[in-house]
Amino acid sequence: MLTFKEYYQAVFDEPLPPTICFAQGAQLAASREALRRVPLSTYVQLLHWIAGEERSEVVYYLEMTWPRLLLGGDGRGGAWDRCREGGSEAADQGTLTAVDA
């Protein structure tokens, strides 16, 4: 089983932060630009884990990391940046939930 910490390090090439902001339910909308900002190799690795190795935990990890993956924490002041910089209380109330890592 791939731990969440191992998954996060492999996908984002950075240590797991103390707080992860996410919208539960994995329902999302993403622009073509956001989807293409993610390297193809990342999608290939995710598909390999889910389909090739049948690591069912990865689908749950994706639910928690779609905002990080697609929004990228690029400093544009979105909910991901507000949460990362100030904790869950700085994120959009009712939209993002913080879980302790």
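In this predicted model, Val-59 counts as partly exposed, because its relative accessibility is 40%. Partly exposed residues lie between the buried limit of 20% and the exposed limit of 50%. Val-59 sits in helix α4, which covers residues 57–71.

The protein as a whole contains five helices and two strands. Read from the N terminus, the order of elements is α-β-α-α-α-α-β. The chain has 101 residues, and 33% of them count as buried. The accessible surface of the protein is about 6400 Å². Carbon and sulfur atoms supply 53% of that surface.

Contacts across the sequence were also examined. Among contacts with a separation of 6 or more, 68% join residues 24 or more positions apart.

One helix pair was examined in detail. Two packed helices are described by the angle and the distance between their axes. Helix α1 covers residues 4–12, and helix α3 covers residues 40–52. Their axes come within 10 Å. The crossing angle is roughly 150 degrees. Angles over 145 degrees count as roughly antiparallel, so α1 is roughly antiparallel to α3. On the α1 side, the contact is made by Tyr-7, Ala-10 and Val-11. On the α3 side, Thr-42, Leu-46 and Trp-49 take part.

Notes:
Residues are numbered from 1 along each chain as its sequence is written. This is a predicted model: local features need pLDDT of at least 70, side-chain atom pairs count only at pLDDT 80 or more; totals for chains, interfaces and linings use all residues. Side-chain values use heavy atoms; hydrogens and water are left out. Helices (H or I, at least four residues) and strands (E, at least two) are DSSP runs, numbered from the N terminus. Buried means under 20% relative accessible area, exposed over 50%, partly exposed in between (1.4 Å probe, protein chains only). Axes are lines fitted to C-alpha atoms, for helices over the stretch in contact, and angles run from 0 to 180 degrees between N-to-C directions. Angles under 35 degrees count as roughly parallel, over 145 as roughly antiparallel, 65 to 115 as roughly perpendicular and the rest as oblique. Contact means heavy atoms within 4.5 Å. Accessible areas come from the Shrake-Rupley method with a 1.4 Å probe; for residues, only the protein chains shown count as cover.
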